[in-house]
Amino acid sequence: MKTVSENRAFDGTQGVYTHASDACGCDMTFGLFLPEEAQYGSVPVLTYLSGLTCTHANAMEKSGAQRWAAEAGIALVFPDTSPRGEDVPDDDAYDLGKGAGFYVNATQAPWNTHFKMWDYITRDLPAALAEFPLDMERQAITGHSMGGHGALTIGMTLPERFRSISAFAPIAHPTASDWGKKQLSAYLGDADWDAHDGTLLMQGVGFDGPVLIDQGASDQFLNLLQPESLAHAMAERRQDGVFRMQKGYDHSYYFVASFMEDHIAFHAEALLA
């Protein structure tokens, strides 16, 4: 583990760290905000998964989440969205390769050597976090866009690990969208994609805890995100949760920051119960 930076923020600490990832075969970077309470004992953890083109820094620097996490007394983890390095394959398009790991374990060349983001988020990152005063028995997960997709699929697949799930404008039905078909085909080939589709998982297994989804009604990517598919699946399953269409909001971090307080409070209620 290498400390890149540590800054005081809201009486806590915003750190950035790098560590070796066995899954990705390279060094990975993550941000970690520890509230003041972490000086005296372990605190609950909320993981935030970012979207296409992002690194660990986007949400860490733009979402304003630390203010609300400090008030709630919970930690925030900001992982990167893909492996990095000169030997890591990439693509000229913004929505494949570096910055677009899609939170799956790639099985197809050239991606299968490094692009193991599912294992990174669920195995290597938690192992690295063991060095910090975190209560890993009290975890929640959230994310934006591609990260919302990851939060839904990882959260519903590992319900014993997470007490709550939320998402901002998630890629809700990737097996039926060009934001999904392209990446899943490249990374997974002809394998069954259903395990990486939040709508299909909601229809099939749902989630034992609460779910909160916020979607901007003026999002420029609505046709790619397909939020109505997830909303219908939640209603049909009678999922414990809320789907909110927010009038006038787009896909930007202005949207994320506008509703971050609500999401932190939502997860804090589940984590601190």
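Reader: Which strands does helix α2 lie across?

Author: In this predicted model, helix α2 (residues 65-72) lies across β2, β3 and β5 (75-79), where contact means heavy atoms within 4.5 Å. Helix α2 runs at about 145° to β5; axes are lines fitted to C-alpha atoms, for helices over the stretch in contact, and angles run from 0 to 180 degrees between N-to-C directions. Helices (H or I, at least four residues) and strands (E, at least two) are DSSP runs, numbered from the N terminus.

Reader: And what about α9, at what angle to β7?

Author: Helix α9 (residues 253-271) runs at about 165° to β7 (162-168). Among the other strands that α9 lies across are β4 (43-49) and β8 (211-216).

Reader: What is the strand order in the sheet?

Author: The open sheet of nine strands is ordered β1-β2-β3-β5-β4-β6-β7-β8-β9, with mixed pairing; two strands pair if DSSP finds at least two bridges between them. Its edge strands, β1 (2-9) and β9 (241-246), each pair on one side only.

Reader: How many bridges join β2 to β3?

Author: Nine bridges join β2 (residues 12-21) to β3 (residues 26-34), and the two run antiparallel. Glycine 15 stands opposite leucine 32 in β3.

Reader: Changing topic, how much of the chain is buried?

Author: Of the 273 residues, 59% count as buried, meaning under 20% relative accessible area (1.4 Å probe, protein chains only).

Key. Residues are numbered from 1 along each chain as its sequence is written. This is a predicted model: local features need pLDDT of at least 70, side-chain atom pairs count only at pLDDT 80 or more; totals for chains, interfaces and linings use all residues. Side-chain values use heavy atoms; hydrogens and water are left out. Buried means under 20% relative accessible area, exposed over 50%, partly exposed in between (1.4 Å probe, protein chains only).
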